[in-house]
Structure formats: C-alpha cells, structure tokens
Amino acid sequence: MSEKFDVIVIGAGPGGYVAAIRAAQLGLKTACVEKWVNDKGATVLGGTCLNVGCVPSKALLESTHKFHDTQHKNAVHGISADNVTMDVKKMVARKDKIVGNLTMGITGLFKANGVTTLAGMGKLLSGKKVEVTAADGTVTVYDAQNVILASGSLPVNIPPAPLTDGLILDNEGALNIDETPETLGVIGAGVIGLEMGSVWARLGTKVTVLEALDSFLAVADKDVAKEGAKLLKKQGLDIKLGSMVSGTEIVDGKVKVFYKDSKGEQEITVDKLIVAVGRRPQTQGLLADDCGVKLDERGFIEVDIQCKTAAAGVYAIGDSVRGPMLAHKASEEGVMVADIIVGHHAQMNYDVIPSIIYTHPEMAWVGKTEQELKEQGVKIKVGKFPFAASGRAMASNETDGFVKIIADEETDRVLGVHMVGAIASELISQGAIAMEFCSTAEDLQLMCFAHPTVSEAVHEAALAVDGHAIHIANRKKR
Ligand code: FAD
Ligand code: NAD
C-alpha cells in the first residue's frame, strides 16, 4: 500500500518549502517533492529563488556595489584606495557558498519540522495521488489528502537568441559569468536585465540593454521610471528602448545582435548576451490528463483567490499561478494555503505586495501607481520628498532618489508608496505596513520617526501629501 500524507507539496521553491514547513507546523503529515539536483547529483531545495534567482543575484549585486563604492564613491569620505581590483572568480565562489548554505538550511528546516523530502519528478494523478519518479527511474505513488502545486517558472527563450554555451545566456548562465566581459548585451530592460546589467556595469563592462517597448519600466510609477532611467544612464547602462531583436550570430567567439528600432535595422557585437525577457510557468510533466487541474490560455495553473484549483483538495501557488512572479508572494500564498487546509480563516491581500528592483539606488513600490489611479478616475493627493533633503542620506552620501506617497483626496487613505533610494528595499516595508493597516497619510504624519534616519523621508513624504513637509518648500495654495 502506498504511503499516505496529509499534504504533498510539489516543488521546494519559496512557495513550496514555506507551504510545507507551515503545514508541518500545523500538525499535518507533510512531504515535499523536488526534482532539482546539483552537479553532484544531490537534491537541492530552495527552487529558483535560492539557487539561481533572488539570493545569488543579490550576492553579486552586493559585491559589485562594494567594489564600485571603493573605486568611485568613498573618496568623498576621505578614504582613498589605489589599484582596487576585483577577483570575479572569488566573487562567484562567495555567491555559490551562500547558495549552498541557504539550500542546506532548508534541508535542516525540513528535518526540524518533520517534512519528508521526496526526491524526484512529481506528477499529480487523479484522486490526489502523486507519482514521484526518482533520478534512477524508480516510480513510487503516494496518496495525499491535499496537494499543493508549487512548480514555479522557467526563463522565456526567444527564437532570435537561442542559448549558446557561455555566449548567449539565460538568468542562470548570467549568474555564473566568471570573467568581466568587455561588452555585454542584455535583451529586456526588466528586473533581471537591470539587476544583471548593473552587476557588470559596475565592474567596467560596457552594457547595452535592448528593450522592445518604447517606454522604460512601464509597470512602475512614472516618477520612479523617470528617475531610474536617468540614474542608470548616468551609471553607464545604455538602455535602447523600442529595440526589437531579430537575430543573433556567433562570429569569432562574440555575439552579433541584430535589432530593429525606429531608425531601421541595427546591430551590435558583444562578448556575451543575456536574455531576460520574462519567465513562464513550469508545468511540463506535472499534471496527468485526468487530474482535474486546468491551465489558463497562458499556461498558468488556474486558481481562485484562495489558490484552489479546479480539482478538490488541490491548490497551486507561486510563479505557476497568476500574479506577480515574486518570492514573497509565493511564500505568503504557501502560508495561506496551509492555513486553509487546517480550516483556519486565511486570505492574501494581493493589493499590498511590494516590488523591488535591486539596482543602486534601489527602486521599490507598493500599491497603485499615479497613472493607474488617474486612469481609474480616483482623485488623489501626492506627497514627494527627495533624499537630497535628508540629513542622514547626506551623511551617508546617498542622496539620489525620493519617496512618493499617494493618498486618496477624500478619505486620505494611502493608496501607493513609490521610491527610488539607496535602501528603498528596506523602507518599502513601511509603506506596506501602512497600507495593510489601512493607514491614512495623516496617520503617518502623526507618527514620531527617529532622527536622523533615512526613514524620515517616509514621514516627510506623508507630510508633503498635505503640503506640510518641514524640510522642503511644499506649501499648498489654500
Ligand atoms: P520556484 O522558485 O521556481 O520553485 C519551483 C520548484 O519546483 C523548483 O525547485 C523546481 O525544480 C520544482 N519543480 C517544478 N516542477 C516539479 C515537478 N514536477 N516535480 C518536482 N519538482 C518540481 N523574486 C523576489 O521576490 N525577489 C528577488 O530579488 C528576485 N530575484 C530574482 C532574480 C532572478 C535572477 C530570478 C530568475 C528570479 C528572481 N525572483 C525574485 C523571482 C523568484 O525567484 C520567484 O518568484 C520565486 O522563486 C517563485 O517561487 P516558486 O516557489 O513559485 O517557484
Ligand atoms: P520582466 O518581465 O521583468 O522584464 C522583461 C522585459 O523584457 C520587459 O521589459 C519586456 O518588455 C522585455 N521584452 C520582452 N520580450 C522582448 C524582446 N523580444 N526583445 C526585447 N525586450 C523584450 O522579466 P525578467 O526581467 O526576465 O524577470 C522575470 C521575473 O522574475 C519577473 O517577473 C520578476 O518578477 C522576477 N524577478 C524579480 C526580481 C526582484 O524582485 N528584484 C529580480 C529578478 C527577477
């Protein structure tokens, strides 16, 4: 007889592993199926985020930021350093070590919480049975009371730029470049394009980013996109908008990239090319024809607001379902589903999911953009405070960017918080907390923020909503 679990999770990324841990904490007999193996053939947990996504990219961003500051920014403090060098192989090895430690950490957490790891490819059969095919071909079928599909996503490849060993790379290959290229092309000025482009631009690579759309960061608030474009250009990122790649050719170990813009056919030659044009749900081999789960027209697993699929007792979360492809969104859906399974009341607030781009300065936002609200006909008040007016930002020599708070003109409720700034990734949680607690701009105005802190910019932006910021001239006409 096959072993039976209360919950079987397929996929151990930030959606799946968090769901599994929460389910086990709630007293459910839980297993998690994972097919990812490392170069030694061992199963690794953590999914895209820990292995080839959030964590390794941030490790490279941090290393190159320190290098860049040492070379170009610290002199203002009186610190001089000649002949600063970067050992790229060491930087990549450090990144790999962090990944190893974190993925091992998840293995430890599974053990501590009593989650069983089932190594292999998982497939949902009808009747909530899960078939697991191990690397050696052994097939085992398990019974589950509940199944959580958390199979994540894969990079989108485009026919004009087929992946080519060491030359045309997806995000995984891009994280393993171990020598500074002289020139780098990136297709797609989205999150990965800007983060990976920044990594190499800081090391002196001439980076050209080809973006099909005519507008830069169309998803962001227009002020964030404008400021981001200006600052990244200053850092040497050559972002060519309205540029559609039509083909590539490998010539003498370099990549020729052909693209079309408003002026006609163009070409550039680069040492390496990163393709970063988005990700697609990973569902190949996951679902038996008769399992009852449906996919939508774009290949995402169809779910309702509680992540329930069309099959009773089967849920799906994370990158393989609708919504932003973000690790924290995947994890929160995992927690919600585990809670629902044990009968708790649980729901996720999809209106308050922060987004961050880890360039320097960082760009971050939560809630609605000014252009979205105007399109919806919502009457708004906007307060903006530049870091150039913050004492703490000046002390840190990090004065680029601003905090922008948008509130409803009638109710004063905070509808969106948008920022560009050195530590925007940390500050944005203040906006998320405020919005989650249905705060008004006045609530933020009446709070006492510690001085001197960069967070005071959030306070001042809230005050600026009503023309009351203290450290900028912002008096509103009465
Ligand atoms: P995944 O992390 O993709 O995990 C899915 C897991 O399921 C994988 O381990 C896969 O092997 C396994 N799996 C799939 N099918 C099966 C099967 N049939 N059987 C067994 N196992 C299976 N997000 C952020 O929030 N912040 C960031 O800073 C950030 N940076 C990123 C940087 C890069 C370069 C990339 C590529 C992504 C980044 N993301 C970031 C996005 C983030 O990684 C994803 O949103 C997140 O990993 C999604 O989690 P998930 O659990 O849904 O899927
Ligand atoms: P993305 O959707 O952020 O950006 C893709 C960009 O490529 C878009 O600007 C799009 O217009 C452009 N594009 C698409 N097809 C093109 C083509 N043929 N030629 C030129 N440009 C083209 O996707 P991504 O950067 O690949 O990232 C994938 C996902 O991973 C994102 O959804 C993101 O949520 C997640 N991610 C998040 C973070 C973070 O939270 N900091 C970091 C990296 C990745």
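1. Let's start with Asp-96, which is partly exposed because its relative accessibility is 40% (buried means under 20% relative accessible area, exposed over 50%, and partly exposed in between, with a 1.4 Å probe and protein chains only). Asp-96 pairs with Lys-95 in a salt bridge, their closest N and O atoms being 2.8 Å apart (a salt bridge puts a side-chain nitrogen of Lys or Arg within 4 Å of a carboxyl oxygen of Asp or Glu). Lys-95 itself is buried, at 3% relative accessibility.

2. A word on the ground rules: this is a predicted model, in which local features need pLDDT of at least 70 and side-chain atom pairs count only at pLDDT 80 or more, while totals for chains, interfaces and linings use all residues. Residues are numbered from 1 along each chain as its sequence is written, chains are lettered from A and ligands numbered from 1 in the order in which they are written, and side-chain values use heavy atoms, leaving out hydrogens and water.

3. Across the whole structure there are 23 salt bridges. One of them joins Glu-227 and Lys-230 at 3.4 Å, N to O. Both residues sit in helix 7 (residues 222-234), three residues apart, or about one turn of the helix (helices are DSSP runs of H or I with at least four residues, strands runs of E with at least two, numbered from the N terminus). Glu-227 is buried, at 16% relative accessibility.

4. Do have a look at Glu-370 and Lys-404, whose side chains form a salt bridge of 2.6 Å, N to O. Glu-370 belongs to helix 9 (residues 370-375) and Lys-404 to strand 21 (residues 402-408), so the pair ties together parts 34 residues apart in sequence. Glu-370 is buried with a relative accessible area of 8%, and Lys-404 is buried at 0% relative accessibility. Salt bridges with shared partners link Asp-221, Lys-222, Asp-223, Glu-370, Lys-374, Lys-384 and Lys-404 into one network.

5. Glu-456 is buried yet has no salt bridge, and the nearest side chain of opposite charge, Arg-392, is 7.6 Å away (Lys and Arg count as positive, Asp and Glu as negative; His and the chain ends are not counted).
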